[in-house]
Amino acid sequence: MSEVVTIDVLGARGDGVTADGLFVPGALPGEQVAVHRTGHRAQIDALLERSIHRVSAPCRHAGSCGGCVLQHASDEFIAEWKAELIARALAARGLNGITIRPTITSPPASRRRVTFSGRRTKKSVLIGLHADSSDQIVPIHACEVARPAIVAGMPVFERILTVGASRKGALRLLVTLSIAGLDVAVAGGKPLEGGLYGELISAAATGNLARLSWDGEVVVTRREPVQRFGSAVVVPPPGSFLQATEEGQETLVDAVLQATDGARRIADLFAGVGTFTLPLAHTAEVHAVEADGAPLRALDRAWRHTEGMRKVSAETRDLFRRPLRPADFAPFDAAVFDPPRAGARAQAEQLASSQIPRIAAVSCNPATFARDARLLVDGGYRLDWVLPVDQFRWTPHVELVAAFSRP
């Protein structure tokens, strides 16, 4: 039986939320909708009063694919909402009145990294994205967020699935568009033994595939899957972290360069394959710290083959268990840290006790960023500004760059 409700706010996962806490996917604040509820969630039966921010979803898979949950909202509304998510996270830690710059959003069809799920069926293979809160795979025939070259690779992905997938469970294909073509890292497939190796090489022999790896082992490299950071060209290890869009990466790098402008020696923490290290090395000496040695080796190789760069040193170190201490920062004018979603509490505590003049923080989680920012502010730093960066159009995810200085 339907009931009529009014949407009060947009929740952190992109659902409309009523004043009494009912979650309504697909609804926007101010809308009046007829719904039928199941527990704390409800489905829309009819839209009775539309928000001025509602738009027509551009994708044929909207509502079924779990990749995008906000295609029914205008870009301006989403940009403001994501800035508000950051402001609320900061306010929850007592950090009010912070300068939050306008959100920079990557354009449609710009995602260079997509994780697909695939499995064998009785007669063929199934590849796509999981429906929201479900293990059901929705086949993807078009995508409004991914680079067209990724969607065009579907026939190759299907051939790989045909020889390497099991009917017992789904496997995961992390597809990254490199300068040289598609870099496909598969996890969860059949054991790489017997004739599977040769079958995979044959399956990957056509199309725009540059490299295929299987549970971390490279099966075939037709062309090196290079990525560009500044003037340096890097070959990331299979499955390495990269920013989701080139436009987003450029925005983040520009903001980090601004936050560290004038620094002559910089510590880049959670450096990965050098997203920030290599552009920073055009004007400063950089010490890159990362727990995994493979990305650092790729970074070091790129630096050694690029002319006109300052010195780059690398250190393999688990910054969660062994953060750099305040004394370690004495030689540096600035620090950059870009941790995983869990944030960098242990490292932030040590930075808060240091005397390093400037810090650039990059984060994909406003809540853990706000926690770490509170530690820095309590240690005497000033949070100068925050820039929201939206590389994940039509989703609740938001990244940011923030600048801290010690007065």
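Ala, Val, Leu, Ile, Met, Phe, Trp, Tyr, Cys and Pro count here as nonpolar, Asp, Glu, Lys and Arg as charged, and the others, Gly among them, as polar. This is a predicted model, where local features need pLDDT of at least 70 and side-chain atom pairs count only at pLDDT 80 or more, while totals for chains, interfaces and linings use all residues. Residues are numbered from 1 along each chain as its sequence is written, and side-chain values use heavy atoms, with hydrogens and water left out.

View 1. Three cavities of 30 Å³ or more are found in the structure. A cavity is a set of points, on a 1 Å grid over the protein atoms alone, where a 1.4 Å probe fits but cannot get out; lining residues have an atom within 4 Å of a point. Arg113, Thr176, Asp183, Gly239 and Ser240 are the closest to its centre among the 13 lining residues. Seven nonpolar, four polar and two charged residues make up this lining.

**View 2. Helix 1 against helix 9.** Helix 1 (residues 75–92) packs with helix 9 (residues 366–378) at an angle of about 40°, their axes 8 Å apart. Axes are lines fitted to C-alpha atoms, for helices over the stretch in contact, and angles run from 0 to 180 degrees between N-to-C directions. The two helices are therefore oblique to each other: angles under 35 degrees count as roughly parallel, over 145 as roughly antiparallel, 65 to 115 as roughly perpendicular and the rest as oblique. On the helix 1 side, look for Leu85, Ile86, Ala89 and Leu90, which meet Pro366, Ala367, Phe369, Ala370 and Ala373 in helix 9 (contact means heavy atoms within 4.5 Å). This contact has nine nonpolar residues, no polar and no charged.

**View 3. Helix 8 beside helix 9.** Here helix 8 (residues 345–352) and helix 9 pack at about 20°, with axes 8 Å apart, which means that helix 8 is roughly parallel to helix 9. Arg345, Ala348, Glu349, Leu351 and Ala352 of helix 8 make the contact with Arg371, Asp372, Leu375 and Leu376 of helix 9. Five of the contact residues are nonpolar, none polar and four charged.

**View 4. Helix 3 and helix 4.** Helix 3 (residues 154–164) and helix 4 (residues 196–203) pack at an angle of about 165°, with axes 9 Å apart, so helix 3 is roughly antiparallel to helix 4. Val156, Arg159, Ile160, Val163 and Gly164 in helix 3 meet Leu196, Glu199, Leu200 and Ala203 in helix 4.

Conventions: On a 1 Å grid over the protein atoms alone, a cavity is a set of points where a 1.4 Å probe fits but cannot get out, and a pocket is an open set with protein on both sides within 12 Å along at least five of seven lines; lining residues have an atom within 4 Å of a point. Grid points are joined across faces, edges and corners, and a volume is the space filled by probe spheres set on the points. Helices (H or I, at least four residues) and strands (E, at least two) are DSSP runs, numbered from the N terminus.
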